[in-house]
Amino acid sequence: MVKAILTKEISIDTPNGVGIAAKVAQLVSGQAKANIRAAWASGVNGSGHFSLITDANQKVMDALKGEFPKLKEQDVLVFDVKNALGDIAMVTEQLSKANLNINYLYTTYVDEKPALILSTDDNKKALGLFSH
């Protein structure tokens, strides 16, 4: 059975350009002295977006806010998938049956284990489906 935990993710709006990812990573590691546990980023039409799960979100937010003031912390679910055929299908099907909309999802490794990160329109309800 796939289990999930609720955690906090930092959402950062940035310009999209050369060196932005380097600047974000440098501020996280150099100034905040924090480790990025999971990340995704995109850039479209001159705007960039980063989502980070770190081991010290408040320190990271303090380090980033001077350079990137459009940031916030929000709840996300971290699923302990096994990187096996059908794990993501099973999770998304259960969310669908519970009438929960997925805002976004991505896969990564957290603490050296495969993980599915996602946000729904009701993360606490979604957590209840996977926390037993």
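Helices (H or I, at least four residues) and strands (E, at least two) are DSSP runs, numbered from the N terminus. The model is predicted: local features need pLDDT of at least 70, side-chain atom pairs count only at pLDDT 80 or more, and totals for chains, interfaces and linings use all residues. Residues are numbered from 1 along each chain as its sequence is written, and side-chain values use heavy atoms, with hydrogens and water left out.

**View 1. The loop between β5 and β6.** Glu112 lies in the loop between β5 and β6, and Asp111 is placed in the loop between β5 (102-110) and β6. Phi is near 55° for Asp111, a positive value in a residue other than glycine. For Glu112, also a residue other than glycine, phi is positive, near 65°. Asp111 is exposed, with a relative accessible area of 53%, and Glu112 is exposed at 77% (buried means under 20% relative accessible area, exposed over 50%, partly exposed in between; 1.4 Å probe, protein chains only).

**View 2. The largest pocket.** The volume of the largest pocket is about 190 Å³. A pocket is an open set of points on a 1 Å grid over the protein atoms alone, where a 1.4 Å probe fits, with protein on both sides within 12 Å along at least five of seven lines; lining residues have an atom within 4 Å of a point. Grid points are joined across faces, edges and corners, and the volume is the space filled by probe spheres set on the points. Among the lining residues are Lys3, Arg37, Asp80 and Asp111. β6 gives the most to the lining, with 3 residues.

**View 3. The largest nonpolar core.** This core has 17 residues, of which Ile12, Val24, Val28, Ala34, Val60, Leu64 and Phe68 touch the most other members. A nonpolar core is a set of buried Ala, Val, Leu, Ile, Met, Phe, Trp, Tyr and Cys residues joined through side-chain atoms within 4.5 Å. Leaving aside neighbours within four places in sequence, Leu64 is in contact (heavy atoms within 4.5 Å) with Ile12, Val24, Leu27 and Leu71. A second, separate core of 13 residues includes Val81, Leu95, Leu116 and Ala126.

**View 4. The buried face of α4.** In helix α4 (residues 123-130), the residues Asn123, Ala126 and Phe130 are buried. Seen down the axis of α4, its buried residues fall within an arc of 60°, so they line one face of the helix; the arc is that of the directions from the helix axis to the C-beta atoms. The cover over these buried residues includes β1, β4, α3 (87-97) and β6.
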